[in-house]
Amino acid sequence: MEFRKMRRSDKEVPENEAREMLKKGSFGVLSTADMNGMPYGVPVNYVYEDGRILIHCASSGHKLDNIFQNSHVSFCVVEYAKVIPERFSTNFRSAIAFGKASIVDNDEEKIEALLKLVSKYSSDYVHEAINEINNSLEATSIIRIDVLHLTGKSANG
């Protein structure tokens, strides 16, 4: 698969910095497209590890319907953004991952992914989360995005 180069290469950050943004981000926006090509972007909690993004969601819904139709997705994280009104500009750092999404159907992998999410967002409550995970496992899906291409961008308005 061929990916477009960034038009403003002067604002491009090295891939290792983009990976760090993905690792440390508090949320990201998952973008999918339905069978008619209509885009759908939704903010989600996630974990990034070993070239994969893991997202939890309900076992049915818009995201999953779109992924079943078209597994190609993008995922954007904004590390920070600050509007500079007097310069008609914005200082920001962001990363965009392009990848192929799939639904994890193995319960062990789902539990492992959910524990990673708990460790990231609720590290003081890992023990308490185990019951919650076991009670909601059937109603929960895990989306795994295998990252095929990653870019990062930084601008100082």
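User: Leaving aside neighbours within four places in sequence, which residues is H56 in contact with?

Analyst: Contact means heavy atoms within 4.5 Å. By that rule H56 is in contact with L114, L117, T140, S141 and I142. This is a predicted model, in which local features need pLDDT of at least 70 and side-chain atom pairs count only at pLDDT 80 or more, while totals for chains, interfaces and linings use all residues. Residues are numbered from 1 along each chain as its sequence is written, and side-chain values use heavy atoms, with hydrogens and water left out.

User: Where is H56 placed, and is H56 buried, partly exposed or exposed?

Analyst: Buried means under 20% relative accessible area, exposed over 50%, and partly exposed in between, with a 1.4 Å probe and protein chains only. H56 is in strand β5 and counts as partly exposed because its relative accessibility is 37%. Strands (E, at least two residues) and helices (H or I, at least four) are DSSP runs, numbered from the N terminus.

User: How many residues does the largest nonpolar core have?

Analyst: In soluble globular proteins, nonpolar side chains tend to be buried together. A nonpolar core is a set of buried Ala, Val, Leu, Ile, Met, Phe, Trp, Tyr and Cys residues joined through side-chain atoms within 4.5 Å. The largest one here has 23 residues, and I143 is one of those with the most contacts inside it. Elements that each supply at least two residues of this core include α1 (15–24), β5 (52–58) and β8 (140–155). Apart from it lies another core of 11 residues, among them V47, L54, A113 and L117.

User: How many salt bridges does the structure hold?

Analyst: Side chains of opposite charge can pair when their charged atoms come close. A salt bridge is a side-chain nitrogen of Lys or Arg within 4 Å of a carboxyl oxygen of Asp or Glu. The structure holds 10. One of them joins E109 and R144 (3.6 Å, N to O). E109 lies in helix α3 (residues 107–121) and R144 in strand β8, so the pair ties together parts 35 residues apart in sequence. R144 is buried, with a relative accessible area of 18%. R52, E109, R144 and D146 are linked in a network of salt bridges.
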